[in-house]
Amino acid sequence: MKGWRTVGASIAAITGFLVGFTALLSLLLGDNPALFGDDPQAEALAQNLALPGAALLRLLVIMLALSIVIGIANLLLLHARRMAGGRLMSGILLASFAAAIGWRILLPGEVSLLEAIQLPIESALAALLCLTLVAGGARILTKRSDIWGLLLVLVVVVVLLGSLPFPELAPIAAFSDWLMRIPAQAGARAILLGIALGSVVVGARALLGQDRSLRG
Amino acid sequence: MTENTLTLISFALTMMVFSYLLGDLPLIRHLYRIAVYIFIGMSAAFTLIVGYENLLLPYWQDAQNPAISWTALGSQADIVVFGTALLFTALLLLKPVTRLGWLTNSILAVVVALGAAVGIVGALRGTLLPLLSATASLPVLDAELGALLESLLVLLGTMTALYSFHYQASSSGEGTSFGLGKAFRSIGKACVVVALGAIYAAAILSSMTILTERIAFLFQFGA
Amino acid sequence: MSDDYSWLDEPPPEANQPSASEPASQRRFTLRMPRFLSRLRIRRRAPKAAAQPSASASLLGSQRERPLTELDQRLKALRERSLAPEPRDEWAELYDVDQALSSPALQEKPGGVISAVALSQAQQAQVDLLTEIVGGQSNPAQAPARRSLASAASQSLPSMSRLLTVALLLLFVALPFASSEYATGALPPADFADDPQANAYFAALDSLAPGDYVLVAVEYGLGAAAELDALTDLTLRHIFARRARAIFATSNPIAYLHAQNLLENIRAQSAQAGLRLVNGLDYLLLDYLPGGALGIRELSENFADIARRSLRGAPTSLPIDSLTGLKMLVLVADGLDDVRNWVEQALPEAGTRNLYAATSLAASPLTRAYVEGIDRFAGLVVGLRAAYTYGAMLDAALSVDAQAPEQIIEIADASSSSASGTSPLTPPPSPSPSPLPTDTPRPTSTPTPLPIDSPSPTPTTAMLRIVEVTSPQSPVNIRVGPSTAQTVLGLAYKGDILPVLDASADSSWYKVLMSNGWEGWISGNIVTESLVPVPASGGDDSASLTSERTVLSRFVPRRYGKIEPRFSQANQDPSSTLGAIVQLRERAEAAPRLQALTMGTVAAVLAITLGNLAAAIGALFRRRGGRA
């Protein structure tokens, strides 16, 4: 049994590697005739190289679309079970789902449901976030009373003050602007680079089958 | 439905969400949850509508249409791809069947590998190469002293911040070394903390913009 | 949600650790990150919620782990917002293959409002990015017990202070609406004086030429609508006012519907002014791109096909087959993830084209680092205040005059406009190899085709020359010139009726007016010509000639009295005519909101300063007490 599992895992890893590597090459080299010289043949080669990548992406996108349907079916089934168990809230969820679908079928092109129901709820929830963030910001030093916590508080306050449209605060605005332009930009750039580096590393690991999820 | 009814509904829903601020009062505590459940149900519905109307249906129609092909391979290839996607998705649902584990894992491996390939290509060509070259290229020539200095500062900050990431990754716990390395790390960390502070403040301002809109709506309704 | 003010709390620390009872199938999905990266990564929240990439840093992991979830951000948000605990069941087991398919109710503890509230994943990411990265950096040794700033705070301060904070904020934000006495703070300036990136954004859109294609990526959820709708709206109007064409793209299904609504609003207002925006010609909504980065990459690779499919057979002149055929890309986004996806997956494939972004304030610090660092990421406008300034600049640029819309629209005689061949908004495609043969002699027998020059229409008995598509093969092509070698402009279907403007000498080709105001040529072999009496102006006889099947049929004679308005030759200057699109926008009173934002910011500064001051003093006392 264990032997089978190993074989299965190997099949998975090899398949993944082959497909992923094909896609990688295709995406990197395809449609880039400059890499192969300057003649029509090179152009054709580049176009052909782009094909597998495009086809694989299309495959994946259709799978994603199908997964949406399945995911939502799962959500509905789950709440249907819960509703059967006497939970009113799940019933509300199902009813609002049915209402939105029915609305779309009966009144195609009618948009008010989105704008009159979804938008207020989502906006109001996002507005609550403001209160949460400010309340959290007021407690930064409670959590971390060290130099970094202090720096964080100072930056938050300076940037907030710098955003105020009062001429009297112009010096603070200038300082806030400098903060954004130099240290914050350096930090942000490092974060972006870190994310990208991590992307490449994790992606390479996944391609090479180092990802545990593929080992069954 | 009339405009007024819709406005009334919007108002009610806004208040239901804001009722959260009142905390755990009898009856009132349900209002927030009702709003959130309505929201989830509708989100699911809208996602399904868009996914069906704008992905599945057109793809399916395309695959069936012999006059149209999205690759140079002809319309037969479309049907093959669509069918494969259907099959793969169906197989993924069979994951609990242990005997087919190798199959579902292989499909999963394809999915993961494709995602990895897209991520690698994007990160390399979209972020790493341009940002690194921008960081490394200084306006040495015909630059004002101020601009040059600023570029140097950004370079220093970026490098030290990356160094501090690297240091944290390669050593466990707090560092024990002192001197130049520690100074660099501190500079880098300061830059990151400043960036995060800026993000925090910006997030507050962003959500406050939304709060003002909601409050404006409530006042408008009251008026 | 049962405990009051739990909305300030993150889940307790133990929820952050993978629980021992976590099913094996789920653990399999735990990605082993490189160590340096795992430091960047966001802590996992509850066992199930760990599946969600809760910050940009973890996205890179999640992208590889669960690519399927990338597409449907909404689903993730749904899961995230699941509220009540629910025992694991077989269904969930079945679907844990893919977190997108997993049940939303498996989260073992309510995540508090930070997770419940964050409607858009992007906003959630912002919060987590802060709390997590900062938390991780300052306290790596305590990683398992990392908690958010908010959670720590909520435990060490009495809830009275939270109440005060909330009350203070709400009060300050509400004051400017309640009384103008509290309206304070200067309104935004009339131009982006010292913001080169915002100026670049405006200048780029302002330099659009008629017929240019602009890809507009609308990537914000409804939660950010209050901040970004104004910028999106202005950007679109700016594009249309320059007679450029907008191609919409989004990887967010709700944003797709919302963008449709925004566009519909502009269309409706333009129609009042007599300007028609036509699908496929003036704009095009690309199908929703599933999977975030994956969907956008697919757009880069398969642009022509996605565009063709999104047209659903509508007539078009879309001559571009890849992103490089665009004039520029414009992105409206409320989170770093969306910005990153477009920068990484689309921009490198767009040749030399530039990307311009309008973002929320929350997304701006990291986006700005991109703009500063990447040459072709060339401009950025941020937030509501920028929208205010942008509107002022747009008004100035188009020198909108006080003309009423009715006066702006003049209905031109079709015969005189045939020389220009322009539609209200869409000039004929430039790639047409040969100019329209405008000098074809008009058949003299034609009873004045479109005598529309009377502003106060008087009843007329004129006859209108029309052709009806009779070809059994439908649809048929309408071409730029009278030859099958000419570019196809659009399609007509059997039964469609088109007014004739002109005909070739042997009547083998007819020059017809299309529903969008374009003029094209249709072969005489596939149509039947006839003359129909033109009803008295304003008459709305439900003419039997009508075929409502296609947009083209909107041009049937029964609508003759209010036939498509055209711009007169004398009035072709876009600054005076198309400016109506800008002019007609809803000018919501922005001042109170901006003043409320000012007041709210003051309150936030007060709360943050006082709260932290209290904490610092408290810490000092504790330290002193400890020493004693």
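This is a predicted model: local features need pLDDT of at least 70, side-chain atom pairs count only at pLDDT 80 or more; totals for chains, interfaces and linings use all residues.
Student: Let's start with chain A. How many helices and strands does its secondary structure come to?

Tutor: Eight helices and zero strands. Along the sequence the pattern reads α-α-α-α-α-α-α-α.

Student: Is chain A spread out or compact?

Tutor: Compare the radius of gyration with the globule rule. For chain A the radius is 27 Å, well over the 17 Å that the rule gives for 216 residues, so chain A is more spread out than a compact globule. Its C-alpha trace spans about 65 × 60 × 50 Å along the principal axes. Buried residues make up 54% of chain A.

Student: And where does chain A touch chain B?

Tutor: One general point on interfaces: their size is often given as the accessible area lost when the parts come together. Here we go by residue contacts: 93 residues of chain A are in contact with 88 residues of chain B. On the chain A side, α1, α2, α3, α4, α6, α7 and α8 each supply at least two residues. The largest share, 20 residues, comes from α8(A). By type, the chain A side divides into 70 nonpolar, 18 polar and five charged residues.

Student: Let me pick a residue in α8(A). Is A:V202 buried or exposed?

Tutor: Count C-beta neighbours; 20 or more within 10 Å makes a residue buried. A:V202 has 27 inside 10 Å, so it counts as buried. A:V202 lies in helix α8, residues 183-207.

Student: Now chain C. How do I read the two faces of strand β2?

Tutor: In a regular strand the side chains alternate between the two faces of the sheet. In β2(C), C:R245, C:I247 and C:A249 are on one side, with C:A246 and C:F248 on the other, and all of them are buried. With five of its five residues buried, β2(C) is largely enclosed by the rest of the structure.

Student: Which strands does β2(C) pair with?

Tutor: One is β1(C), residues 213-219, which pairs with β2(C) in the parallel sense over five bridges. Another is β3(C), residues 283-285, joined to β2(C) by three bridges and also parallel.

Definitions and conventions:
Residues are numbered from 1 along each chain as its sequence is written. Chains are lettered from A and ligands numbered from 1 in the order in which they are written. Helices (H or I, at least four residues) and strands (E, at least two) are DSSP runs, numbered from the N terminus. A residue is buried if 20 or more other C-beta atoms lie within 10 Å of its own, exposed if 12 or fewer, and partly exposed in between; C-beta atoms are placed from the backbone. Two residues are in contact if their C-beta atoms, placed from the backbone, lie within 7 Å. Ala, Val, Leu, Ile, Met, Phe, Trp, Tyr, Cys and Pro count as nonpolar, Asp, Glu, Lys and Arg as charged, and the others, Gly among them, as polar. The radius of gyration is taken over C-alpha atoms; the globule rule is 2.2 Å times the number of residues to the power 0.38. Two strands pair if DSSP finds at least two bridges between them.
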